[in-house]
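Good morning, colleagues. Please have the sequence and the structure in view while I speak.

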Amino acid sequence: MKLMDRRIEPRHVLPFEMRPVPQALVLELLNHAVWAPNHRLREPWKFIYIANDNREGLEFFHKQVPAHLIVTMKNESDAYKHDENLAAVFCLIQNFKLLAWEKKLGVNVSFYDWMFDRGVCQKLGIPEKERIAAVLDLGFYLEIPEAKPASVASLKWRLL
């Protein structure tokens with residue numbers, strides 16, 4: 001089945017295998033996913049990869065997840081730039097999810113209270129002028145059920 005014919009649903013309820021997620025795979029996917037800059041060609045993102053075996057002192061991460069990818073973005077005082085950057089970051093995340101799906105890598109986009117804690121950000125080496133946009137929980141699913149057909153956009157479409 002083609003990607004266009006599928007609806008990739010959130011799989012956050014499905015357990016991950018605890019095998020490692022290769023850094024090289026994540027970097028390969030990111031190198032393709034970054035084709036999502038905003039129209040001013042700003043690339044407001046940075047990434048922090050944290051493998052399961054490298055979480056000492058980072059007790060706020062879920063232990064049932066083999067790896068995490070923290071996506072950060074620049075803080076902007078200009079609301080227009082901020083919104084534009086945030087949109088670009090989430091386009092990148094969607095690109096990453098679609099590319100990962102082809103490699104059978106599961107991606108859950110997560111938001112945690114600790115993302116907004118400057119103490120945690122400092123512990124992760126995130127500068128004051130950046131913030132965490134999202135945390136991607138990464139792993140290979142134990143089992144992937146068949147996806148349902150995509151919903152029809154015309155059901156949510158109207159013309160003025």
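Predicted model: local features only at pLDDT ≥ 70, side-chain atom pairs only at ≥ 80, totals over all residues.

The crossing of H1 and H2 is right-handed. The axes of H1 and H2 lie 9 Å apart, and the two helices pack at an angle of about 130 degrees. An angle of that value makes H1 oblique to H2.

Which residues meet at this contact? From H1 they are Val 26, Leu 29, Leu 30, His 32 and Ala 33, and from H2 they are Leu 92, Asn 95, Phe 96, Leu 99 and Ala 100. Eight of the residues in the contact of H1 with H2 are nonpolar, two are polar and none is charged.

The largest nonpolar core has 25 residues, and the members that touch the most others are Phe 96, Leu 136 and Leu 138. Two or more residues each come from helix H1 (23-33), strand S2 (67-74), helix H2 (79-102), strand S3 (105-110) and strand S4 (130-140). H2 supplies the largest share, six residues.

My last point concerns the loop between H2 and S3, where Lys 104 lies. Most residues other than glycine have a negative phi. Lys 104 has a positive phi, near 65 degrees. Is Lys 104 buried or exposed? Its relative accessible area is 55%, so Lys 104 is exposed, the cut-off being over 50%.

Methods
Residues numbered from 1 in each chain as written. Heavy atoms only, no water. Core = buried A, V, L, I, M, F, W, Y, C linked by side-chain atoms within 4.5 Å. Buried < 20%, exposed > 50% of the residue type's maximum accessible area, 1.4 Å probe, protein only. Helix = DSSP H or I, 4+ residues; strand = E, 2+ residues; numbered from the N terminus. Axes fitted to C-alpha atoms, helices over the stretch in contact; angles between N-to-C directions. Parallel < 35°, antiparallel > 145°, perpendicular 65-115°, else oblique. Left-handed = near helix turned anticlockwise from the far one by under 90°. Contact = heavy atoms within 4.5 Å. Nonpolar A, V, L, I, M, F, W, Y, C, P; charged D, E, K, R; others polar.
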